[in-house]
Amino acid sequence: MKPAAFDYLRAETMDEVLEALRQGGSDARILAGGQSLMPMLSMRLARPSLLIDVMHVKSLQRLSEAGGRLTVGAGVRQSRVEHLADLARLQPLLAAAIPWIGHMQTRNSGTLCGSVAHADPSAEIPLVLLALEGSVHLRSRKRHRAIVAEQFFTGMMATARADDELIEAISFPLARPDTGYAFREVGRRHGDFAIAACAAVVGRTAARLAVGGVADMPTARAFPLPADGTALDDALNAFAWELNARDDLHATARYRRELVRRLGRQVIEDAVRHRDALTPRKEEAA
Amino acid sequence: MPRLAADRRHPVTLVLNGRQVTAEAEPRLLLHDFIRHVVGATGTHVGCEHGVCGACTVQLDGAPVRSCLMLAVQADGADVRTVEALAPAPGRLSILQESFREHHGLQCGFCTAGILMSLDAFLRDNPDPTEAALREMLSGHLCRCTGYTPIVTAALAAAARLRALEPHHA
């Protein structure tokens with residue numbers, strides 16, 4: 001399997017990237033870590049006429065914690081974020097999910113923004129971005145804009161990005177006090193695509209659960225707390241059916257619904273424990 | 001760098017196993033084909049060509065990556081290490097290679113070059129790994145012969161020998 005022919009541009013400035021995107025339109029593709037795009041090129045599922053390599057643009061290597069957000073530039077590889085010394089404090093959900101992305105050998109190359117651009121319905125980074133209500137920062141020659149994850153993912157490997165836009169960065173809200181986070185995934189083997197993956201963000205009064213691998217795109221819902229009793233089971237069951245799971249080679253729709261019900265409850269309970277371990281209730285602390 | 005035309009070959013310069021190499025590549029040429037067919041270093045094996053099997057793993061600037069998921073032109077200016085870099089001298093094996101031989105960590109050997117390149121870097125960063133961490137890292141490689149148990153044994157034995165040599169790592 002070899003890719004079809006294309007031109008290659010190793011951009012060194014943002015201007016070069018944006019100008020090449022403007023001229024190239026849908027025939028141009030951004031090449032970052034290549035862990036999703038390269039297989040598509042080799043299988044000839046994608047046949048762009050131009051690849052724009054953005055890994056040598058300095059400003060896209062930005063990885064910063066400011067304004068209550070962790071901002072990750074287009075050139076930042078997954079392994080770099082994975083090995084941030086205080087990632088589990090900055091954003092525990094990201095710390096929990098990153099080891100599930102592919103393998104060490106692919107995380108050394110793949111980027112977080114690339115995973116968001118590819119928008120595979122079973123991918124971990126889009127799921128975490130959605131669960132945390134993070135944003136996608138887009139830039140073209142004409143404008144720049146930020147879109148919340150909920151509006152960015154529009155379908156199976158489809159996003160709100162226009163042909164002339166670069167995902168310049170994505171940003172995750174930092175961990176909030178009084179909030180617990182949890183992630184679980186079920187796949188055939190470690191590193192395989194998720195059959196179902198769940199991410200939960202739990203505050204004092206409500207939980208947010210995001211599910212990947214089941215519907216055409218990661219999908220999130222709010223659930224009332226407390227997490228005990230049958231009300232949560234009923235709500236999870238309704239959510240599982242809403243996701244319109246389908247049978248495929250890897251799992252049946254019924255199995256996926258069951259995973260949503262079970263993993264969903266488990267991650268919400270995990271996140272409640274995580275929240276309570278971090279921030280003991282007043283009466284317990286006294 | 002100017003835009004490289006699809007139908008032309010362009011010079012690519014990289015350091016391969018400590019030696020600077022310049023050779024030509026079309027933009028679409030994959031890194032492993034550049035290493036094997038253009039430069040002639042055939043120690044790196046090519047399996048699935050879509051990032052699943054790990055046979056083609058090489059170290060790029062010290063980090064194990066899939067050379068089938070990278071273009072030769074992307075590696076311009078990079079430092080690439082392949083399995084040929086491991087043996088300290090002709091006719092001598094590295095501790096890791098020796099351990100694979102001793103513990104039957106390979107049968108057909110097709111996946112071995114990639115596994116060695118991952119392990120070489122992994123053991124440098126994790127001199128005393130747990131078996132679980134080792135197995136998780138090895139999940140990035142497919143071996144259809146060994147069942148992985150001898151590979152894990154060989155890797156743990158190599159880690160122990162390397163620690164004994166360099167006790168400051170322990």
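This is a predicted model: local features need pLDDT of at least 70, side-chain atom pairs count only at pLDDT 80 or more; totals for chains, interfaces and linings use all residues.
The secondary structure of chain A consists of 12 helices and 14 strands. Along the principal axes, the C-alpha atoms of chain A occupy a box of roughly 60 × 45 × 35 Å.

Within chain A, one helix pair was examined. The axes of helix α10(A), residues 230–242, and helix α11(A), residues 253–278, come within 9 Å and cross at roughly 140°. Angles over 145 degrees would count as roughly antiparallel, and those from 65 to 115 as roughly perpendicular; α10(A) is therefore oblique to α11(A). The crossing of α10(A) past α11(A) is right-handed. On the side of α10(A), the contact is formed by Leu232(A), Leu236(A), Asn237(A), Phe239(A), Ala240(A) and Trp241(A). Helix α11(A) contributes Arg257(A), Val260(A), Arg261(A), Gly264(A) and Arg265(A). By class, the residues in this contact comprise 6 nonpolar, 2 polar and 3 charged.

The contact between the two chains involves 27 residues of chain A and 29 residues of chain B. On the side of chain B that touches chain A, strand β4(B), residues 63–66, and helix α4(B), residues 131–138, each supply at least two residues. The largest share of that side, 4 residues, is provided by β4(B). Classified by type, the residues of chain B that touch chain A comprise 14 nonpolar, 8 polar and 7 charged.

In chain B, helix α1(B) spans residues 31–39. The buried residues of α1(B) are Leu31(B), His32(B), Asp33(B), Phe34(B), Ile35(B) and Val39(B). These buried residues pack against two strands of chain B, namely β1(B), residues 10–16, and β2(B), residues 19–25. Gly40(B) follows α1(B) and has a positive phi, near 95°.

Note on methods. Residues are numbered from 1 along each chain as its sequence is written. Chains are lettered from A and ligands numbered from 1 in the order in which they are written. Two residues are in contact if their C-beta atoms, placed from the backbone, lie within 7 Å. Ala, Val, Leu, Ile, Met, Phe, Trp, Tyr, Cys and Pro count as nonpolar, Asp, Glu, Lys and Arg as charged, and the others, Gly among them, as polar. Axes are lines fitted to C-alpha atoms, for helices over the stretch in contact, and angles run from 0 to 180 degrees between N-to-C directions. Angles under 35 degrees count as roughly parallel, over 145 as roughly antiparallel, 65 to 115 as roughly perpendicular and the rest as oblique. A crossing is left-handed if the near helix is turned anticlockwise from the far one by less than a right angle, and right-handed if clockwise. A residue is buried if 20 or more other C-beta atoms lie within 10 Å of its own, exposed if 12 or fewer, and partly exposed in between; C-beta atoms are placed from the backbone.
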